[in-house]
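Thanks for coming, everyone. I'd like to walk you through one protein model today. Please have a look at it on the screen.

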Amino acid sequence: MILPTQRHLFDLPDDVTWLNCAYMSPQLHAVTEAGREAVMRKARPWLVRPEDFFTESEALRGSFARLVGGDVEGVALVPSVSYGMAVAAANVPVRVGQRLLVLADEFPSNVYPWRELAERSGGQVVTVRRPEDGDWTRALLAALDERTALVAVPHCHWTDGGLVDLVRVGARAREVGAALAVDGTQSLGALPLNVAEVRPDFLVSAGYKWLMGPYSQGFLYVAPRFREGRPLEHNWLLRGGSEDFSRLVDYRDDFQPGARRFDVGERSNFVLVPMAMEALRQLLAWGPADVQETLRALTERVTKGARALHLEVPPESLRAGHMVGLKRRGGYGPEVAAKLAARKVFVSVRGDSIRVSPHLYNTEADVDRLLEELDALV
């Protein structure tokens, strides 16, 4: 269903038009309050019990598992996309000559790990060119064959929302024996994804955009076949029996079960974890499907107005509903976003697109204000 405006839940001044969630989400009042309480608690360490190193992070792990339709044993807590992709790169086997597929103009954190993996394994990073018709799924399927060891893709392209059908791509990857690594940073929370349907080997997401959480708290889902893999680091929390602080000097070779071995050190962050928990609580209450439907109505309004200004927009069927790129021949200089920001209308320029990414705090009036300002600029 279409959700009513949720602006009252956010710290947004009335004169600010923030259409830039893909850059960073505003903070929910409840998330800010959770962070404030957590900072005060950390100032009084006698209030932090040994079991708190485990119970709160386990609750956060469970909330993310519910969001993506996965099991809690498959979730690791990581600080960033680059960390999660580095875990994948440490565990995906690549033979000499095999190919690692990425999209053209992909976000760097989903490119650099694969370049390094290709260099040390003798593989080859192959970039799928941006299709003229905007159909990333067709372009990927055409490039995905028995030479492929890995497909590393987002659910939608970070510059303009171009959509990837992960179910079809994942099915083809399994047919040819390739691993599937998904960057969900620009989709999770606003676009439904179920790991039982997509079956990614690795799904990683930063938490400070569409997941509405704090910076440096992210998530990694790992498929069962990789859960016995090699972690990036060896911190004490990952080992069996770490709940008993009195026996930590009895060093052990076994790990905590499931994907917990891939958790970042100090994963029990006593400030970020409560904030992320509060953000996921609200997202689960809204539901990603209803968020998507609500935001699609806004981006379709953007699309109609942008086309009237003779700007190019990807076809609705080939883009996500929560984000849209407005293109023009020759692209835009950085001054366009700066001039809009001076009018307190906030978007991003990414590649050759003005990226418009609303959320539930936006209304049709925000869209109309953006279009009015764009009309004067372009």
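Let's start with a helix contact. L298, R301, V302, G305 and A306 sit on the α9 side. They meet E364, V367, D368 and L371 in α11. Sort the residues of this contact by class. You get five nonpolar, one polar and three charged residues. Before we go on, a reminder: this is a predicted model.

How do we describe a pair like that? Two packed helices are described by the angle between their axes and the distance between the axes. Helix α9 covers residues 288–308, and helix α11 covers residues 364–377. They pack at an angle of about 25°, and their axes are 10 Å apart. Angles under 35 degrees count as roughly parallel. So α9 is roughly parallel to α11. The crossing of these two, α9 and α11, is right-handed.

Now stay with α11 and bring in another partner. Helix α10 is residues 334–342. At what angle do α10 and α11 pack? The angle is about 130°, with the axes 11 Å apart. Therefore α10 and α11 are oblique to each other. This crossing, α10 past α11, is right-handed. Who makes the contact? From α10, we have V336, K339 and L340. From α11, we have L370, E373, L374 and L377. By class, the contact of α10 with α11 has five nonpolar residues, no polar ones and two charged ones.

One more helix pair. Helix α5 runs over residues 136–143, and helix α6 over residues 166–176. Their axes come within 10 Å and cross at roughly 5°. Are α5 and α6 roughly parallel or oblique to each other? With that angle, α5 and α6 are therefore roughly parallel. T137, L140 and L141 in α5 touch R168, V169 and R172 in α6. That contact of α5 with α6 divides into three nonpolar, one polar and two charged residues.

On to the pockets. What is the volume of the largest pocket? About 340 Å³. Its lining has 26 residues. Nearest the centre of the largest pocket lie F107, T185, A206, Y208 and K209. The lining of the largest pocket splits into 11 nonpolar, 10 polar and five charged residues.

The second largest pocket holds about 240 Å³ of space. It is lined by 13 residues. P131, E132, G134, P314 and K327 are the closest to its centre. The lining of the second largest pocket has five nonpolar, two polar and six charged residues.

Last stop: a single residue. Where does D105 lie? D105 is in the loop between β3, residues 99–103, and α4, residues 112–121. Leave out residues up to four places away in sequence, and D105 touches R130, H157, W158 and T159. Take W158 from that list. D105 and W158 are 53 residues apart along the chain. Their C-alpha atoms are separated by 8.7 Å.

To recap the helix pairs: α9 with α11 is roughly parallel, α5 with α6 is roughly parallel, and α10 with α11 is oblique. That's my tour. Over to you.

Note on methods
Residues numbered from 1 in each chain as written. Predicted model: local features only at pLDDT ≥ 70, side-chain atom pairs only at ≥ 80, totals over all residues. Heavy atoms only, no water. Axes fitted to C-alpha atoms, helices over the stretch in contact; angles between N-to-C directions. Helix = DSSP H or I, 4+ residues; strand = E, 2+ residues; numbered from the N terminus. Parallel < 35°, antiparallel > 145°, perpendicular 65-115°, else oblique. Left-handed = near helix turned anticlockwise from the far one by under 90°. Contact = heavy atoms within 4.5 Å. Nonpolar A, V, L, I, M, F, W, Y, C, P; charged D, E, K, R; others polar. 1 Å grid on protein atoms, 1.4 Å probe; cavity = no way out; pocket = protein on both sides within 12 Å on 5 of 7 lines; lining within 4 Å. Points joined across faces, edges and corners; volume = space filled by probe spheres on them.
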